[in-house]
Amino acid sequence: MSDQLVAEPASASPLIGKVSSGRVPALWLALLAAPMAMGANAPVLILPTMARSLGVPTATATWLVTVFAWAMTIGTPLCAGLIRQRGLRPALLAGGVAVAVGTTLVTTAPWLPVALTGRAVQAIGGAGLVAVAMNLTGSTRRMGVITAGFGILGASGPLLGSVLASAVSWRLALALSAVSLLAIPAVWRHTHRTPPATTSFDATGAGLVVALASALVLIPTAPLAAALAALVVAVPLAVHARRRPDGFVPAVLLRSPAFIGSALLACAFSTSYFALLFSIPRLIAQRTPWSTDAIGTGQLIALLIGSALSWLLSATSGRLAHRTVLTTLIALGALAPLAATFATWGPLLLLTATAAVLVSTGSNAVLSIRATKDAPDHQRPTAIGLFVLCYQLGGALGPALAALLVLK
C-alpha cells in the first residue's frame, strides 16, 4: 500500500498563522531551525577541553549536552502550546529572546551551573524557533529541507566547534545556535497576527508532560528511579487526557496508531544517532591511529553524505510505499549501532555515522508528516510539538548513553 505523506499547506490551520505572500521560503525555515543542531553537536569533539576548563570529569561535562537536549524536549510542546494559544508571532519573538539571553549566559558564565542555565534557556528558545519552522512547512518535501538542514549543520557542528575552541574558546562554540536569529526578521515578515485560541491553556497537562519527559531523560543515569517516576506520571497523564480530550495532550493522538508508532520510532532513531554521534570519535581514537583532526574531518564528511541522502529520501518518499521506506529505515537503524559495536576499521565506523544521520533526519521528515495525519487542523501544532518532543528526547538519551558506555 502506498501512502502519500503530504500534509495540507500550513496556512490551512487557523492557529498556525497565515502567510502574507505565499508560503515562507523553505531556506528561511531551515535557517531558523537548523542551527539548533549545530549548537547541540558543537561539544562532540571538545568535551575533554570543556571538562578541563570547568574542572570536572568528561562524563560530567556531557550535562551541557544533556541539559540542552532536555530543555529542547520540554520546550517543544510548550512552544507548540503557545503557538496554538497565541499564534506564530509570539512564539517567534519569545524564542528569539530566549536564544539571545541563553547565549549571553553561556558565553559569559564563570561556573558550570550558570552555563547549564544558559544552555537550558538557549534550548527552550531554540525549541520555539523549531516549532515555528515546522508549523510552516506543510509538505514532506519542505520538511525535508529543514531536516536536511539539521543534518548538514549538525554535521558541521563538531568540527566547527573544535575549530572555534582551538582558535578562540569553547564557549563560542556553544553560541552557534544564535545563528538562527538571522532568520527571524524574514520569517516575521511572512506571518500575520493570529487570533487567540478560544480554549484555555491546559497547565495540568503541560506540567505532566514536562514531568514525564524529565523522568525519561534520567533513565540512563538512574534507571529504576527514573522509570518508576515516569510510570507514576504517565498514569495521571493518561487519565487527564481522557478527562480533557482537547487539552495539552489531545486524546485523538493517544488513539492514533500513526502518531504513536511514528513518535516511538523517531525517539529510537534519534537516541541511536546521538549516541553514535558522541561515541564514534572516541571509538575511532581507541581503535585506530587517526588524529583528532582526521576524526573530525571524517565525521563531517560522513554526516554530510548522510544528510544529503536524507534529503533525497524525504523528496522521494511521497512516491514510494510507506512500508518500503519504513522497512529500509528500520533495517539501517538496527545495523548502524551493531556495526559500531564491533567495527575496528575507521571508514566502517564513519559509515555507521552516515547511516545513523540518514535514518534519524530522513525519518524525522517522513514520520513527522505521518504522525499528524489524524490530528484536526486546530491541533496540528500540538501534534507536531509532541512528535518533536519524542525526537528531542533521543537527543537527551543518546549522549547520556554514550557517557555511560563509552565516554568514561
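Predicted model: local features only at pLDDT ≥ 70, side-chain atom pairs only at ≥ 80, totals over all residues.

Visitor: Which residues are the closest to the centre of the largest pocket?

Guide: The largest pocket is lined by 18 residues, and those closest to its centre are Leu 212, Leu 237, Leu 254, Phe 259 and Cys 390.

Visitor: Which elements give two or more residues to the lining of the largest pocket?

Guide: Four helices are to be named here: H11 (203–217), H12 (223–243), H14 (257–287) and H18 (380–405). The largest share, 5 residues, comes from H14.

Visitor: At what angle do H11 and H12 pack?

Guide: For H11 and H12 the angle is about 155°, and the axes are 8 Å apart. Angles over 145 degrees count as roughly antiparallel, which makes H11 roughly antiparallel to H12. Their crossing is left-handed.

Visitor: Which residues make the contact between H11 and H12?

Guide: On the side of H11, the contact is made by Thr 204, Gly 205, Leu 208, Val 209, Ala 211, Leu 212, Ala 215 and Leu 216. On the side of H12, Ala 226, Ala 229, Ala 230, Val 233, Ala 234, Pro 236, Leu 237 and His 240 take part. By class, the contact of H11 with H12 has 13 nonpolar, 3 polar and no charged residues. Leu 212 of H11 and Leu 237 of H12 belong to this contact, and both are also among the residues closest to the centre of the largest pocket.

Visitor: May we turn to the other helix pairs? At what angle do the axes of H1 and H7 cross?

Guide: The axes of helix H1 (residues 26–33) and H7 cross at roughly 160° and come within 8 Å. H1 and H7 are therefore roughly antiparallel to each other, and their crossing is left-handed. Leu 29, Leu 32 and Ala 33 of H1 meet Leu 129, Val 130, Val 132 and Ala 133 of H7. The residues of this contact divide into 7 nonpolar, no polar and no charged.

Visitor: How do H5 and H7 pack?

Guide: H5 and helix H7 (residues 112–135) have their axes 7 Å apart, at an angle of about 40°. H5 and H7 are therefore oblique to each other. The crossing of H5 and H7 is right-handed. The contact of H5 with H7 holds 18 nonpolar residues, 6 polar and 1 charged.

Visitor: How many cavities of 30 Å³ or more does the count come to?

Guide: A cavity, unlike a pocket, is a space from which the probe cannot get out. The count comes to 4 cavities of 30 Å³ or more, and the largest cavity has a volume of about 220 Å³. Of the 18 residues that line the largest cavity, Met 36, Ala 37, Ala 40, Phe 274 and Gln 392 are the closest to its centre. At least two lining residues each come from helix H2 (35–41), helix H5 (63–86), helix H8 (140–167), H14 and H18. By class, the lining of the largest cavity has 11 nonpolar residues, 6 polar and 1 charged.

Notes. Residues numbered from 1 in each chain as written. Heavy atoms only, no water. 1 Å grid on protein atoms, 1.4 Å probe; cavity = no way out; pocket = protein on both sides within 12 Å on 5 of 7 lines; lining within 4 Å. Axes fitted to C-alpha atoms, helices over the stretch in contact; angles between N-to-C directions. Parallel < 35°, antiparallel > 145°, perpendicular 65-115°, else oblique. Left-handed = near helix turned anticlockwise from the far one by under 90°. Contact = heavy atoms within 4.5 Å. Nonpolar A, V, L, I, M, F, W, Y, C, P; charged D, E, K, R; others polar. Points joined across faces, edges and corners; volume = space filled by probe spheres on them.
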